[in-house]
Amino acid sequence: MSVYIVIGVMALMTIAFVSGKWPFGLVTMTCCVILGLTGVLSPSEAFAGFCNKNLILLAGAFIVSDAFGKTSLIAKMQHRIIKMQNGKTGTVLMIAFVMILILLSCFLPSPATLAIIIVAVTSMSDDADVCPARIILPMAALSTMWTGRLPIGVGATGFTRYNAFLESYGQEYCISMLDPLKGMIFPLIVCSIYVVVMFRLLPKRPMNRSQNVKVKEQTVTMDRTHEIITYIVFAIVMLCMMLNKFVGSLMYIIPAAGAIVLLFTKTLSVEDAKRTLSGDLIFMLAGIYVLSDAMSSSGAGQVIGDFILSLMGGANSKLALVIVFSGVTLIVTNLMSNVATYNVMVPLAVSTAVAAGINPAALALASGLASFCACMLPCSSGESAMCYAASGYSMKDTFKFTIGFVLLFWPQPMISFG
């Protein structure tokens, strides 16, 4: 009976994610409550996600990254972007924006990166070869793909999100910090080159400056002493993450220790830390981790995996599964939120791979990467919605560019993970 309850809860979560009517954190917490009330999980198991070592690591890392984002280094980078268009035209300017976006994506969430870029291009001419509209939308397509991919800054903890799904089926399936980068770097570079070469597929349009995009150049309020503390804490945390093989399980505690140092030295306020820890992402991840464990322990994951394999006519090679899951994920993520797609498709990919007797890591990474190739519709991601509004484009205007971007991307997971 518990198998079918878990499958039903998984279906309920998927439907709620697709509808977009409720915060993701609320949806996953509701799933935890249902699993507890039905007796599938004990009360402590139903909310064990908040004690998950991966969530503990992420929570500490979020706080440290938040402090780093308030330093003058980020402000100087932002100021440099606003000034850099002077004297540059065409492809050179687009390359510069791509490089800056990649750099910012190491330290800031993608909405913040795009907000900075929107501010930077506001003063540019709409008649130039690289006009604001031609910059904003391609940057939205790249930002969702690059944010958190490099193993520094916000990306240092990226592998733990995959491990939260993988470790339920055995520690031997878990991946290391650099594994996502090894498989994803080639697709990311290919898509970045596409943006630089093909941005002219987008028509020239006046930027929609009437949109109330509430972004502005950052004003640094952190004094020099607190900045130095932030840099030291950030460097130590990043170093320990990179040396995780030597640090061992302490890796999951060190970001929290760094956050405590920032709080006791008043480098970061308690209010800022509370805001970070009470965010929707924390609750969403805690709930997702619980549901992932329930799928494994109840046998629901095996049932779902066997069903998906039966739909594929028994094809269970790694290449076949990568082709199917990356293709389906690519379609779904461009029809609904990329975050929702990730949280639905990656667990399904893992359970299907296990049912097929294949190491699930490659399939999880392929599906995860495909979920962030989201740019065809405004509903594909929050970043996409923001940039469609600011650029002034309709979907008819962007179709040639976005369909080429997606079609170029699709073979990449097959090459990297198949």
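Me: Hi! Where is K266 found?
Reply: K266 is found in the loop between α13 (254–264) and α14 (270–277). Helices here are DSSP runs of H or I, at least four residues long, strands are runs of E, at least two long, and both are numbered from the N terminus.

Me: What kind of model am I looking at?
Reply: This is a predicted model: local features need pLDDT of at least 70, side-chain atom pairs count only at pLDDT 80 or more, and totals for chains, interfaces and linings use all residues. Residues are numbered from 1 along each chain as its sequence is written, and side-chain values use heavy atoms, with hydrogens and water left out.

Me: Back to K266. Buried or exposed?
Reply: K266 has 67% relative accessibility, so it counts as exposed. The cut-offs are under 20% relative accessible area for buried, over 50% for exposed, and in between for partly exposed, with a 1.4 Å probe and protein chains only.

Me: And what is its phi?
Reply: K266 has a positive phi of about 60°, although it is not a glycine. As background, most residues other than glycine have a negative phi.

Me: Which residue follows α20?
Reply: That is G392, and its phi is positive too, near 85°. Within helix α20 (residues 382–391), the buried residues are E383, S384, C387, Y388, A390 and S391.

Me: Let's zoom out. How many helices and strands are there in the chain?
Reply: The chain has 22 helices and zero strands. It has 418 residues, and buried ones make up 56% of them.

Me: What share of the contacts is between residues 24 or more positions apart?
Reply: Of the contacts with a separation of 6 or more, 80% are between residues 24 or more positions apart. Contact means heavy atoms within 4.5 Å.

Me: How do α9 and α15 pack?
Reply: Helix α9 (residues 158–166) and helix α15 (residues 280–298) pack at an angle of about 30°, and their axes are 8 Å apart. Axes are lines fitted to C-alpha atoms, for helices over the stretch in contact, and angles run from 0 to 180 degrees between N-to-C directions. The two helices are therefore roughly parallel to each other. Under 35 degrees counts as roughly parallel, over 145 as roughly antiparallel, 65 to 115 as roughly perpendicular, and the rest as oblique.

Me: Which residues meet there?
Reply: From α9 there are R161, A164 and F165, and from α15 there are M284, L285, I288, Y289 and S292. By class, this contact has six nonpolar, one polar and one charged residues. Nonpolar covers Ala, Val, Leu, Ile, Met, Phe, Trp, Tyr, Cys and Pro, charged covers Asp, Glu, Lys and Arg, and the others, Gly among them, are polar.

Me: Rings next. How many aromatic pairs are there?
Reply: Rings of Phe, Tyr and Trp (its six-membered ring) pair if their centres lie within 6.5 Å; planes under 30 degrees apart are stacked, over 60 edge-to-face, and the rest tilted. By this rule there are seven aromatic pairs. One of them is F50 with F283: the ring centres are 5.5 Å apart and the planes are at 75°, so the pair is edge-to-face.

Me: Where do F50 and F283 sit in the chain?
Reply: F50 is in the loop between α3 (43–46) and α4 (53–68), while F283 is in helix α15, so to speak a link between distant parts of the chain, 233 residues apart. F50, at 31% relative accessibility, counts as partly exposed, and F283 counts as partly exposed at 32%.

Me: What about Y194 and F405?
Reply: Their ring centres are 5.9 Å apart and their planes are at 65°, so this pair is edge-to-face. Y194 is in helix α10 (residues 179–198) and F405 in helix α21 (residues 395–409), 211 residues apart. Y194 and F405 are both buried.

Me: Which residues do ring pairs link into a cluster?
Reply: The cluster is Y162, F165, Y342 and F372.

Me: Last one: what does P347 touch?
Reply: Leaving out residues up to four places away in sequence, P347 touches M10, F165, M295 and Y342. P347 is in helix α18 and is buried, with a relative accessible area of 7%. P347 and F165 are 182 residues apart in sequence and 6.2 Å apart in space, C-alpha to C-alpha.
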